[in-house]
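Welcome, and thanks for taking a look at this one. Below is a short tour of a pocket, a helix, the cores and a few backbone details.

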Amino acid sequence: MYTLLVVDDEEYAILGITKGIEWETLDIATIYTASNTQEAKEILLKTDVDIMISDIEMPGENGVSLLKWVYENTMNTKTIFLTGHADFHYAHKAMQYGCI
């Protein structure tokens, strides 16, 4: 069973992801949520997170800098970005830190 962390500054986006999918059928046992990168870091420091789904653009620190922090702290968390932005710069940076 896996652990999932959903990071987004939009409450409805978090609800759509966490409630709109039958996660247990995908072997996701525990779901954590964070509305900003600081909350996400606190969760990541306290528990092993297997998969992180994150928005890229958020007020303050963005999702790419969160991914960089995860990478630099050698956490084995796989990251998926969901965003409405079409800027390849974000994708290029994310790939540098192990996001596929």
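A polar contact here is a pair of N or O atoms within 3.5 Å; within protein, one must be able to donate a hydrogen and the other to accept it, and residues adjacent in sequence count only if both atoms are side-chain atoms. This is a predicted model, in which local features need pLDDT of at least 70 and side-chain atom pairs count only at pLDDT 80 or more, while totals for chains, interfaces and linings use all residues. Residues are numbered from 1 along each chain as its sequence is written, and side-chain values use heavy atoms, with hydrogens and water left out.

**Thr-77**

- Thr-77 sits in the loop between α3 and β4; helices (H or I, at least four residues) and strands (E, at least two) are DSSP runs, numbered from the N terminus.
- A polar atom of the Thr-77 side chain lies 2.7 Å from the backbone oxygen of Val-49.
- Thr-77 is buried, at a relative accessible area of 10% (buried means under 20%, exposed over 50%, partly exposed in between, with a 1.4 Å probe and protein chains only).
- Beyond residues up to four places away in sequence, Thr-77 touches Leu-44, Val-49, Asp-50, Ile-51, Met-52 and Val-70, where contact means heavy atoms within 4.5 Å.

**The largest pocket**

- The largest pocket holds about 210 Å³ of space, a volume being the space filled by probe spheres set on the points, which are joined across faces, edges and corners.
- Its lining has 14 residues, and Thr-77, Lys-78, Thr-79, Tyr-97 and Gly-98 lie nearest the centre.
- Two or more lining residues come from each of α3 (63–72) and β4 (78–82).

**Helix α3**

- Asn-62 caps the N-terminal end of α3, with a side-chain oxygen 3.0 Å from the backbone nitrogen of Val-64.
- Gly-63, Val-64, Leu-66, Leu-67, Trp-69 and Val-70 are the buried residues in α3.
- Those buried residues pack against β1 (2–7), α2 (37–46), β3 (51–55), β4 and α4 (88–96).

**Nonpolar cores**

- A nonpolar core is a set of buried Ala, Val, Leu, Ile, Met, Phe, Trp, Tyr and Cys residues joined through side-chain atoms within 4.5 Å.
- The largest core has 12 residues, including Leu-5, Leu-44, Val-49, Met-52, Leu-66, Trp-69 and Val-70.
- β1, α2 and α3 are the elements that give two or more residues to this core.
- A second, separate core of 8 residues includes Ile-56, Val-64, Tyr-90 and Ala-94.
- Met-52 lies in strand β3 and is buried, at 0% relative accessibility.
- Leaving aside neighbours within four places in sequence, the contacts of Met-52 include Leu-5, Val-7, Leu-66 and Thr-77.

**Positive phi angles**

- Most residues other than glycine have a negative phi.
- Thr-74, in the loop between α3 and β4, has a positive phi near 45 degrees and is exposed, with a relative accessible area of 70%.
- Asp-27 has a positive phi of about 65 degrees although it is not a glycine; Asp-27 lies in the loop between α1 (11–19) and β2 (28–34) and is partly exposed, at 39% relative accessibility.

Definitions and conventions
1 Å grid on protein atoms, 1.4 Å probe; cavity = no way out; pocket = protein on both sides within 12 Å on 5 of 7 lines; lining within 4 Å.
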